[in-house]
Each structure stands twice: as C-alpha cells, then as structure tokens.
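This report describes a single protein chain, element by element.

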Amino acid sequence: MRGINISKKHKKVVYVFFALLTLFVMLTFEVPKMPSTVSAKPFPKVTNEPIIKLQANMQSEGWMSVTSEVAGTTGRGLRLEALKAGVYNSRFSGGINVYVNGNTEQYSQSAKCGNMTDYCGTVGQSQPIMSMNLLLWGDIASLYSVEYRVYTTNEGWSSWFKNGGLAHGKNWQQIEAVEAKLVLQGVSSDRY
C-alpha cells in the first residue's frame, strides 16, 4: 500500500485545520484545571501512613504542644529537657524507643514510647539533653526507617541520622529542638 502524496500547500491546510479544531475543542469543552497553589513541602503528608509525633519539655516553657513537625524551639537558646514520642496511624505493631544523654555521665535514659505516655529526660531539674537516638521496634521497624536531626545551640541543624544513630551537634552543644520522620524501607531519602 502506498502513502498518499500531499503537496506542501495541502499540508499547511491540514495543519491549520487541526490547529483550529484543537482550539475549538479547548474552547468548547471544559478542561480540568490544576490547583492554583501547589504545596512544595519537603515531607508531604500521606493519608493513612504512620507518622511520628513528638512533644518537647523546654526550659522555662514546660511541655509544648504535640507535633509531627519540629518539637522544641530554634534560635531562642532554650534547652530541650525531656521528650515524648509516639507512632500514630500505624496498622503495624511496635513503636519507637527514645534514648537521651545529658551533660553528666550519670544522666542517660531510655523509654519505650509507643503512645507518648513515657518520656526521656528530666522535668524541672534544669538538665539539658546533649544527644539522642531514636529507634523503631516491632513490625514497623521492618517496614520503615526513622530519620531525625537535632537543632543545637550555636550550631543550628545537625545532619540527618537514621535508625539509632547518635544525633548531636558538632561540639556537643545542648539540644533545642528535634525533627523526626518515618521513611518507607527501600525508598531513597534526599536528606543525606
């Protein structure tokens, strides 16, 4: 079967015809529109996925609100003295362990925080947290990783730590805030 030979003049007519037809269809039929605002959050929330919630006990402030974002304060020089953590929206067994270290050798605590009933650190004793580890346990630990970083006095945000890595500032300054996220195993993170 042979192709149809169309002259240059006819090709232009066909092109103009399809351009006008496309314009007619676009003007006649409603095309779904994209949302006017697109969120560019670094950690988008996915419905029904497990998340970590944190609650910080801060110097002079006491217990702050429960959050899934940053727990504590940044840039105010207030020390993080205690921390609660929990895994929410999880259909898997398990939870999160929190380990903290203070500025003395005698001060080191851990808590198996499944539902934010326990805390690590001290309340009302003016003891800063200097380093911490977060580690998942149970079935959720085989499916997700926990990634976290700390904000320290005079240094700002640390690099990201993962699955029990010891989070602290470069010069072991007191921690003012912490941020933690769950990441599905096998999914590469752009935080490293």
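## The four-stranded sheet

Four strands make up an open sheet in the order β2-β1-β4-β7, and their pairing is antiparallel. At its edges lie β2 and β7 (120-121), each of which pairs on one side only. Helices (H or I, at least four residues) and strands (E, at least two) are DSSP runs, numbered from the N terminus, and two strands count as paired if DSSP finds at least two bridges between them.

The model is predicted: local features need pLDDT of at least 70, side-chain atom pairs count only at pLDDT 80 or more, and totals for chains, interfaces and linings use all residues. Residues are numbered from 1 along each chain as its sequence is written, and side-chain values use heavy atoms, with hydrogens and water left out.

Strand β1 (residues 51-58) is largely enclosed by the rest of the structure, because six of its eight residues are buried. Buried means under 20% relative accessible area, exposed means over 50%, and partly exposed lies in between (1.4 Å probe, protein chains only).

On one side, β1 is joined to strand β4 (residues 80-88) by eight bridges, and the two strands run antiparallel. Within this pairing, Ile-52 has Val-87 as its bridge partner, and Ala-56 stands opposite Leu-83. Strand β2 (residues 62-63) also runs antiparallel to β1, with two bridges between them; here Asn-57 is opposite Trp-63. β1 and β2 form a hairpin with three residues between them, and Ser-60 in the turn has a positive phi of about 65 degrees.

## The nonpolar core

A nonpolar core is a set of buried Ala, Val, Leu, Ile, Met, Phe, Trp, Tyr and Cys residues joined through side-chain atoms within 4.5 Å. The largest one has 29 residues, of which Leu-54, Ile-96, Met-132, Leu-136, Val-146 and Leu-182 touch the most other members. Two or more residues of this core come from each of β1, β4, β5 (95-101), β8 (131-137), β9 (144-152) and β12 (175-184).

Contact means heavy atoms within 4.5 Å. Leaving aside neighbours within four places in sequence, Leu-182 is in contact with Pro-50, Ile-51, Ile-52, Val-87, Leu-136, Ile-140, Tyr-144, Ser-145 and Val-146.

## A surface patch

Val-14, Phe-17 and Phe-18 form a nonpolar patch on the surface, with about 290 Å² of accessible area together. Nonpolar patches join side chains of Val, Leu, Ile, Met, Phe, Trp and Tyr within 5 Å, taking residues with over 30% relative accessible area and no salt bridge (a side-chain nitrogen of Lys or Arg within 4 Å of a carboxyl oxygen of Asp or Glu). Phe-17 belongs to helix α1 (residues 8-28) and, at 49% relative accessibility, counts as partly exposed.

## A buried glycine in a loop

Gly-169 is in the loop between β11 (161-162) and β12. With 3% relative accessibility, Gly-169 counts as buried. Beyond neighbours within four places in sequence, its contacts are Val-150, Thr-152 and Glu-155. Glu-155 and Gly-169 are 14 residues apart in sequence, and their C-alpha atoms are 6.8 Å apart.

## The whole chain

The protein has two helices and 12 strands, and 38% of its 192 residues count as buried. Among contacts between residues at least 6 apart in sequence, 62% join residues at least 24 apart. The accessible surface comes to about 12,200 Å², of which 54% belongs to carbon and sulfur atoms; areas come from the Shrake-Rupley method with a 1.4 Å probe, and for residues only the protein chains shown count as cover.

Conventions: Patches are made of residues with over 30% relative accessible area and no salt bridge: like charges are joined within 9 Å, nonpolar side chains (Val, Leu, Ile, Met, Phe, Trp, Tyr) within 5 Å.
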